Amino acid sequence: MDQDNRLTKTKEQWAKARRGGEEREVFYEGDDRLPPGQHLVETFPVLDLGFKPDIPLSEWKLTIGGFVTNPVTWSWEDFLAQPQFKDRSDFHCVTSWSRYDNDWEGVSFKQIMSVVKPLSLAKFVLFKSYDDYTTNLPLDACDDDDVLLTYTWNGKPLTKEHGGPVRVIVPKRYAWKGAKWVKEITFSDKDEKGFWEVRGYSNTALPWKNDRYG
Ligand SMILES: Nc1nc2c(c(=O)[nH]1)N[C@H]1C(S)=C(S)[C@@H](COP(=O)(O)O)O[C@H]1N2
Ligand SMILES: [Mo]
């Protein structure tokens, strides 16, 4: 495929997802862009478990498996060879800060699904990270046109503190549902709870429902 053709394909994808250029729109529910109990910040705070894993790109791998037809393990080159997807979204942390208009670029969750082909039994997804963090979501929540694995933030490579090389972004849920330093994605018929979900945080984590604790 030549460069032009590749670019056309990418742009077509954005159009299909109603994304790209100035027409991108962020999601919000009801009249309020800011969910209840949140305040707006201009900075981008860092939250982690006190440990920021350092993964050289040459050693970075992403394994996607479980209840799928075609499990894969991607190197950094394999990841970049996927159709690239851009999105702009708001970020809502359960500790009450929100940050508007973050630009992300990477591989959409829908693209991942089209590669691994989840079995019909697969209803849940568990994300595991290089710092041993985990978080879980229903497959329906991941199969959305604003969910992606990003390696950039606002046009620059995603820094280690924010989860680089690659992190997950799930704009319609509180941000703990987006695994930084993602290492494994497992499709399953069972809902296995993640790090914060077993520690009293909500399994659903819906910002507009003020749904913080489980
Ligand atoms: N691997 C990993 N992912 C993680 C976390 C973590 O500690 N480890 N913290 C979560 C929480 S609680 C939030 S609010 C966001 C914070 O992302 P940020 O540090 O880029 O703001 O990452 C989420 N993903
Ligand atoms: Mo958080």
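**A walk from the pocket to the cavities**

About 390 Å³ of space lies in the largest pocket. Here a pocket is an open set of points on a 1 Å grid over the protein atoms alone, with protein on both sides within 12 Å along at least five of seven lines; the volume is the space filled by probe spheres set on the points, which are joined across faces, edges and corners. This is a predicted model, in which local features need pLDDT of at least 70 and side-chain atom pairs count only at pLDDT 80 or more, while totals for chains, interfaces and linings use all residues. Residues are numbered from 1 along each chain as its sequence is written, chains are lettered from A and ligands numbered from 1 in the order in which they are written, and side-chain values use heavy atoms, with hydrogens and water left out.

By class, the lining has 15 nonpolar, three polar and four charged residues, where Ala, Val, Leu, Ile, Met, Phe, Trp, Tyr, Cys and Pro count as nonpolar, Asp, Glu, Lys and Arg as charged, and the others, Gly among them, as polar.

Ligand 1 sits in this largest pocket, meaning that more than half of its atoms lie within 2 Å of the pocket's grid points. Around ligand 1 are 21 residues, of which Pro45, Asp131, His162, Arg167 and Lys180 are the closest; a residue belongs here if one of its heavy atoms lies within 4 Å. This shell has 14 nonpolar, three polar and four charged residues.

Now for the polar contacts, pairs of N or O atoms within 3.5 Å. The side chain of Asp131 has an N or O atom 2.8 Å from a nitrogen atom of ligand 1. A backbone N or O atom of Gly178 also lies 2.8 Å from a ligand nitrogen, and a backbone N or O atom of Leu47 is 2.8 Å from a ligand oxygen. Of the 530 Å² of accessible area that ligand 1 has on its own, the protein covers 97% (Shrake-Rupley method, 1.4 Å probe).

Finally, the structure holds three cavities of 30 Å³ or more, a cavity being a set of points where a 1.4 Å probe fits but cannot get out. The largest cavity has about 80 Å³ of space. Its lining counts 13 residues, with Phe91, Val170, Pro171, Arg173 and Ala175 the closest to its centre. Strand E4 (85-92) and strand E11 (167-169) each give two or more residues to this lining, and E4 gives the most, with four; strands are DSSP runs (E, at least two residues) numbered from the N terminus.

Note on methods
On a 1 Å grid over the protein atoms alone, a cavity is a set of points where a 1.4 Å probe fits but cannot get out, and a pocket is an open set with protein on both sides within 12 Å along at least five of seven lines; lining residues have an atom within 4 Å of a point. A polar contact is a pair of N or O atoms within 3.5 Å; within protein, one must be able to donate a hydrogen and the other to accept it, and residues adjacent in sequence count only if both atoms are side-chain atoms.
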